Amino acid sequence: MPDTHVLILGAGPAGYAAGIYAARAGLTTTLLTGSTPGGQLMLTHEIENYPGYTNISGADLMTTFQQQAQAVGTRIIMERAEKADLTKRPFHITTNAGTVWAADTLIIATGASPRWLHAPGEDTFRGKGISVCATCDGFFYRNKKVIIIGDGNTAAYEALFLAKVAASVTIIARGNRLTGEHNLIQQVHQEPKITIIWETEVTAFLGTEKLTGVRCRHTQTGLETTLDADGVFEAIGHIPNTQLFTGQLAMDENGYLMTQKYTGATSIAGVFAAGDCQEVIHRQAIIAAGSGAIAALSAEKFLTTPGTPLT
Ligand SMILES: Cc1cc2nc3c(=O)[nH]c(=O)nc-3n(C[C@H](O)[C@H](O)[C@H](O)COP(=O)(O)OP(=O)(O)OC[C@H]3O[C@@H](n4cnc5c(N)ncnc54)[C@H](O)[C@@H]3O)c2cc1C
């Protein structure tokens with residue numbers, strides 16, 4: 001059975017940053033990439049908010065992360081964790097190739113997958129008119145017309161964020177009210193740039209060369225309409241990739257891992273989490289990378305000074 005001081009699950013910004021810090025601390029460090037080496041950023045062509053890069057594609061940015069992690073000694077294995085036994089240390093992780101890793105510490109950096117609508121036209125315009133992240137892509141819609149699909153907290157946040165840059169923001173809500181924080185909803189209702197279309201669902205994304213709008217259907221009357229837009233932001237939620245740990249680690253009601261502030265510690269000593277799998281609000285690469293570094297530093301402290309508090 002291969003063993004390692006630190007086993008990292010995930011090859012996004014959180015996983016690679018954890019790899020860089022753990023390997024540089026002199027720990028044997030192994031990273032399982034899962035099925036998407038590079039993580040969610042592989043879906044985006046332009047990143048303008050990662051410090052140090054004025055404009056870089058997701059793939060190029062993640063290649064530098066990978067090269068840096070490897071250069072300092074992180075062993076990178078293109079396998080996915082399929083089973084976890086966290087009942088005792090070393091923890092045992094079984095991969096899709098059948099390898100069982102014995103890990104003194106585990107860093108979970110498996111991310112969260114955005115929910116997509118799966119409506120016709122989405123594949124054509126994904127990343128080219130359709131986005132799932134206003135903080136990431138809002139800037140590209142300065143003084144343009146945008147639509148937000150969703151009626152929860154995320155939709156409200158995205159709408160307020162986009163109202164600062166876009167010419168107009170239309171929220172398409174399936175229900176007849178916005179759900180979520182009262183304050184946030186009040187701000188949405190008070191923002192003159194935001195219009196809400198109630199009881200409506202998007203049935204298709206329209207356009208030829210570029211996205212020009214959406215087709216919608218009223219959920220009560222079935223009436224179909226089209227709406228023009230330069231960009232559409234889907235805000236219908238994320239699914240944290242944490243199913244592997246159900247029943248073993250403490251999670252919130254949506255499956256996000258519960259972690260301790262400042263350390264990334266989970267409910268089991270020696271297991272840490274970083275990035276979007278434990279980040280409910282600020283799902284951003286820089287934040288994921290920072291939390292990966294924190295988790296690795298905590299793992300190092302856990303291994304080198306056992307029994308002392310992590311903070
Ligand atoms: C379209 C899009 C555009 C974005 N643009 C930006 C942007 O411009 N700027 C910005 O800051 N943020 C952006 N984001 C958000 C950013 O991508 C995420 O916040 C960040 O990638 C989270 O990093 P992470 O390491 O936590 O997880 P992820 O990047 O999601 O990586 C998760 C990793 O875990 C692996 N994994 C999953 N399950 C397993 C398993 N069982 N075993 C082993 N490995 C596993 C996956 O293969 C993957 O490598 C964007 C997101 C999307 C979807």
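How do the residues of the shell around the ligand divide into nonpolar, polar and charged? In this predicted model, that shell holds 20 nonpolar, 17 polar and three charged residues. The protein is assigned two domains, domain 1 (3-113 + 238-304) and domain 2 (116-234), and each of them gives at least three residues to the shell around the ligand.

**Ligand surroundings**

- The ligand is surrounded by 40 residues, and the closest are Gly12, Gly34, Gly39, Gly111 and Gly275.
- Helix H1 (13-24) and helix H7 (285-304) are the elements that contribute two or more residues to this shell.

**Packing of H1 and H7**

- Two packed helices are described by the angle between their axes together with the distance between those axes.
- For H1 and H7, the axes come within 7 Å and cross at roughly 35°, and the crossing is right-handed.
- On the H1 side the contact is made by Pro13, Ala14, Gly15, Ala17, Ala18, Tyr21 and Ala22, while the residues on the H7 side include Ala285, Ala288, Ala289, Ser291, Gly292 and Glu300.
- By class, the residues of the contact of H1 with H7 divide into 14 nonpolar, three polar and one charged.

**Domain arrangement**

- The centres of domain 1 and domain 2, taken over C-alpha atoms, are separated by 31 Å.
- The contact between the two domains takes six residues from domain 1 and four residues from domain 2.
- The side of domain 1 that touches domain 2 consists, by class, of one nonpolar, four polar and one charged residues.

**Helix H5 and Tyr157**

- Helix H5 (residues 153-163) is largely enclosed by the rest of the structure, because eight of its eleven residues are buried.
- The buried residues of H5 are Thr154, Ala155, Ala156, Tyr157, Glu158, Ala159, Leu162 and Ala163.
- What covers these buried residues includes helix H4 (134-137) and helix H6 (182-190), along with strand E9 (145-149), strand E10 (168-172), strand E11 (194-197) and strand E15 (231-234).
- Tyr157, which lies in helix H5, counts as buried because 21 other C-beta atoms lie within 10 Å, where the cut-off for a buried residue is 20 or more.
- Between Tyr157 and Ala23, which are 134 residues apart along the chain, the C-alpha atoms are separated by 37 Å.

Terms used: Residues numbered from 1 in each chain as written. Predicted model: local features only at pLDDT ≥ 70, side-chain atom pairs only at ≥ 80, totals over all residues. Near = placed C-beta within 6 Å. Helix = DSSP H or I, 4+ residues; strand = E, 2+ residues; numbered from the N terminus. Nonpolar A, V, L, I, M, F, W, Y, C, P; charged D, E, K, R; others polar. Domains from an automatic or database assignment. Axes fitted to C-alpha atoms, helices over the stretch in contact; angles between N-to-C directions. Left-handed = near helix turned anticlockwise from the far one by under 90°. Contact = placed C-beta atoms within 7 Å. Buried ≥ 20, exposed ≤ 12 C-beta atoms within 10 Å, placed from the backbone.
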